[in-house]
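Thanks for making the time this morning. I would like to walk through one protein chain with you, going from the overall picture to a few particular contacts, so please have the view open.

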Amino acid sequence: MTETADFYKELFQSGKVENKKRRAIWKEVLDIPSSFTPTIAPTTDHRDFKQVEKDVNRSFLHLQDSDFKTRRRQQLLNVILSVLERHAPLHYCQGIHHIASIILTFAREPLAMLIFERLALGPLLPFLQENLEGLASMMNFVMPIIKLVDPELWQHFDENDFDTSYYTAPYIVSWFVPQASSLEVALKYLDFFVISNPIMPVYLIVAYTLHRKSEFMSKYDYEAISQVSDNITHGIDPDVCINRAIEIFKQFPPVVVLNNNPKLFISKNLTLLNPRVDYPFPFPTFPKAQLLPHNIYEKHLSDEKSDSKLITGILSALTILGAIGLRILEL
């Protein structure tokens, strides 16, 4: 890269990135060739067509011009299905369409497809598997990180039998887009995640959780605690939690979390932690350059299936996420 990730972070967080500059940075970060134009010819024969179509039809609800809304939805459908058809092993996951819809706000259809393809084969790949083991494995990092950063809050959750898995899944899968208060904030999330280590969404949800500590600590039953988590980003400056997430990652990167939790196992579908995975673009080195040592990865790798109750909870959360129509007015 001709510019450092630290420069990108500073530029993105300034909120002054014009789309032309954003496109140039994303193409460089994702190693997208400048002259390649992909073929976009999705069909209705794909196994996930009906679900993708349902989610697409819930998008761009705020648009008043029906013709423009129809065109935008068709573009979104084209982008998602083209990537799924070009890579047969990929399976659609509800909520992913929110990310693709934001990409279409700064990139035309061909570039948007190339960007989404890079993300689908890289940081989003754990969510696009035949099962949800990769996502479940990623979510399992939340509580161990909270325990390392704030043992008091962890103990409160533990004593009240509060499982963070159920509220974290929608944020992690959608890169926080549906919860963004504006298009600027949604772009800020995407800019941040695209330059960061791909497990960073976990650290950001931890940062938001810690920011709400006083509210969580005042609740003593599962339902009351859940009410706090339902709107965990509301009214908080995202830059505050983004900076907190960066600091937490620097202090407790995945290798430290694993070393402190010998029973924290990794699914093979959590591909972003595999040090030997063929990543589709240069592996992000922000906030710090770190691939898991192979011996640590092998030590924690497990074929054990996630608890069926957890998977059912994730599916329910993702169904709700898919039903959320993105209403950011600037789209």
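Let me begin with how the chain contacts itself: of the contacts between residues at least 6 apart in sequence, 81% join residues that are at least 24 apart. Please keep in mind throughout that this is a predicted model, and that the values I quote are computed from it. The chain contains 18 helices and zero strands, and of its 331 residues, 58% are buried. Its accessible surface comes to about 14,700 Å², and carbon and sulfur atoms account for 48% of that area.

How many of the 10 residues of helix H10 are buried? Nine of them are, and so this helix, which covers residues 165–174, is largely enclosed by the rest of the structure. The buried positions are Ser165, Tyr167, Thr168, Ala169, Pro170, Tyr171, Ile172, Val173 and Ser174. Following H10 comes Trp175, and for those of you who look at backbone angles, its phi is positive, near 55 degrees.

Next, a pair of helices. Two packed helices are described by the angle between their axes and the distance between the axes. For helix H5, residues 96–103, and helix H6, residues 109–121, the axes come within 9 Å and cross at roughly 140 degrees, and the crossing is right-handed. On the H5 side the residues in contact are Ile96, Ile99, Ala100 and Ile103, and they meet Ala112, Ile115, Phe116 and Leu119 of H6. Sorted by class, this contact has eight nonpolar residues, with no polar and no charged ones.

Let me turn to charged side chains. Side chains of opposite charge can pair when their charged atoms come close. In this model the count comes to nine salt bridges, and I will take three of them in turn.

One of them is between Arg86 and Glu117, where the closest N and O atoms are 2.8 Å apart. Because Arg86 lies in helix H4, residues 66–86, and Glu117 lies in helix H6, the pair ties together parts that are 31 residues apart in sequence.

Another salt bridge joins Lys213 to Glu152, with 2.7 Å between the closest N and O atoms. Here Lys213 sits in helix H13, residues 213–217, and Glu152 in helix H9, residues 151–159, so this pair links parts that are 61 residues apart in sequence. Lys213 counts as partly exposed at 21% relative accessibility, and Glu152 is likewise partly exposed, at 45%. These two residues also belong to a network of salt bridges that includes Asp150.

An α-helix has 3.6 residues a turn, so residues three or four places apart point the same way. Glu247 and Lys250 are three residues apart in helix H15, residues 238–251, and are therefore separated by about one helical turn. Glu247 is partly exposed at 46% relative accessibility, and Lys250 is partly exposed at 38%.

That is where I will stop, and I am glad to go back to any of these views.

Technical notes:
Residues numbered from 1 in each chain as written. Predicted model: local features only at pLDDT ≥ 70, side-chain atom pairs only at ≥ 80, totals over all residues. Heavy atoms only, no water. Buried < 20%, exposed > 50% of the residue type's maximum accessible area, 1.4 Å probe, protein only. Helix = DSSP H or I, 4+ residues; strand = E, 2+ residues; numbered from the N terminus. Axes fitted to C-alpha atoms, helices over the stretch in contact; angles between N-to-C directions. Left-handed = near helix turned anticlockwise from the far one by under 90°. Contact = heavy atoms within 4.5 Å. Nonpolar A, V, L, I, M, F, W, Y, C, P; charged D, E, K, R; others polar. Areas by Shrake-Rupley, 256 points an atom, 1.4 Å probe, with all protein chains shown as cover. Salt bridge = Lys/Arg side-chain N within 4 Å of Asp/Glu carboxyl O.
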